[in-house]
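User: I would like to learn how to read features off a model. Please take me through them one by one.

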Amino acid sequence: DKVDAILERHEQEIKELRTRIPVERARTFYEPEASAEYSSKNGPLFDFNQRLQGRRTRLAELNAFLADPAQRIAVLPGRGGIGKTKLLRDWSAGVAGWKVLWVSQHGMWHEGSVSEIPSTDTVLIADDAHLYDDLDKIVGLISSRASGPEPRLKLVIATRPSGIGRIDEMLARLASSTAVVRFKKLPIVSL
């Protein structure tokens, strides 16, 4: 009886704590335009208002990935601060005909995660994916979806080189090698 009462009290405390979590932090994905998470990165390292320079080739590769029905997952490696996030922010802002959702660094995979993805062509962006514990669930979802004509679901994984081993192992286990495109490591741009 005493144990049951303690468990019941703990369950009530958990429910109460869940009500305090901002809705955005409970979601697996977020829309960049409407998210504090997206706009909270600022300062000298995260000055996303500057014009993107020296990335035309990579933009073309990302566009080709989106247009290729066989390619479902793209991996974009690059060291910290090299411009992966800036590149993906600018690229995704210009993507026409696709819904763009970013994987929340603060969210976690839950039973409602799949329902957050609309029934339209959608590209998911996992920035700093090496930090996301539930990336395997997203990769599994992408891999399990039939590659039919509509709606299409794709994933861009941006990671630091230190995360490549974990991501390669995950992709080897969960995804078809023909569905994955690996971009070269994002280089430093000389202006």
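Analyst: Start with a pair of helices. H4 and H5 are oblique to each other. Keep in mind that this is a predicted model.

User: At what angle do H4 and H5 pack, and how far apart are their axes?

Analyst: The angle is about 55°, and the axes lie 11 Å apart. Angles from 35 to 65 degrees fall between roughly parallel and roughly perpendicular, so this pair counts as oblique. The crossing of H4 and H5 is right-handed.

User: Which residues of H4 and H5 meet?

Analyst: H4 supplies Arg58, Leu59, Leu62, Asn63 and Leu66. On the H5 side, the partners are Leu87, Leu88 and Trp91.

User: How many residues of H5 are buried?

Analyst: Burial is read from relative accessible area, with under 20% as the cut-off. In H5, 8 of the 10 residues are buried, so the rest of the structure largely encloses this helix. The buried set is Lys84, Thr85, Lys86, Leu87, Leu88, Arg89, Trp91 and Ser92.

User: Take serine 92 from that set. Where is serine 92 placed, and what does its side chain reach?

Analyst: Serine 92 sits in helix H5, which spans residues 84-93. Its relative accessible area is 8%, so serine 92 is buried. The side chain of serine 92 reaches back to the backbone oxygen of leucine 88, at 2.8 Å. Now look beyond the sequence neighbours. Leaving out residues up to four places away, serine 92 touches Val100, Trp102 and Ile125.

User: Now charges. How many salt bridges does a search of the whole structure find?

Analyst: For a salt bridge, look for a side-chain nitrogen of Lys or Arg within 4 Å of a carboxyl oxygen of Asp or Glu. The search finds 7 salt bridges. One of them joins glutamate 61 and arginine 58, at 2.5 Å from N to O.

User: Where do glutamate 61 and arginine 58 lie? Is each buried or partly exposed?

Analyst: Both lie in helix H4, residues 56-67. They are 3 residues apart, about one turn of the helix. Glutamate 61 has 28% relative accessibility, so it counts as partly exposed. Arginine 58 has 9%, so arginine 58 counts as buried. Arg58 is also among the H4 residues that meet H5.

User: What does aspartate 134 form a salt bridge with?

Analyst: The partner is lysine 137, with the closest N and O atoms 3.6 Å apart. Aspartate 134 counts as buried at 15% relative accessibility. Lysine 137 is partly exposed at 35%.

User: Last, a loop residue. Where is tryptophan 109 found, and what is tryptophan 109 in contact with?

Analyst: Tryptophan 109 is in the loop between strand S3 (99-103) and strand S4 (122-126). For contacts, set aside neighbours within four places in sequence. That leaves Thr28, Phe29, Val114, Tyr132, Asp134, Lys137, Ile138 and Leu141.

User: How far apart are the C-alpha atoms of tryptophan 109 and lysine 137?

Analyst: They are separated by 7.4 Å. Along the chain, tryptophan 109 and lysine 137 are 28 residues apart.

Methods: Residues are numbered from 1 along each chain as its sequence is written. This is a predicted model: local features need pLDDT of at least 70, side-chain atom pairs count only at pLDDT 80 or more; totals for chains, interfaces and linings use all residues. Side-chain values use heavy atoms; hydrogens and water are left out. Helices (H or I, at least four residues) and strands (E, at least two) are DSSP runs, numbered from the N terminus. Buried means under 20% relative accessible area, exposed over 50%, partly exposed in between (1.4 Å probe, protein chains only). A polar contact is a pair of N or O atoms within 3.5 Å; within protein, one must be able to donate a hydrogen and the other to accept it, and residues adjacent in sequence count only if both atoms are side-chain atoms. Contact means heavy atoms within 4.5 Å. Axes are lines fitted to C-alpha atoms, for helices over the stretch in contact, and angles run from 0 to 180 degrees between N-to-C directions. Angles under 35 degrees count as roughly parallel, over 145 as roughly antiparallel, 65 to 115 as roughly perpendicular and the rest as oblique. A crossing is left-handed if the near helix is turned anticlockwise from the far one by less than a right angle, and right-handed if clockwise.
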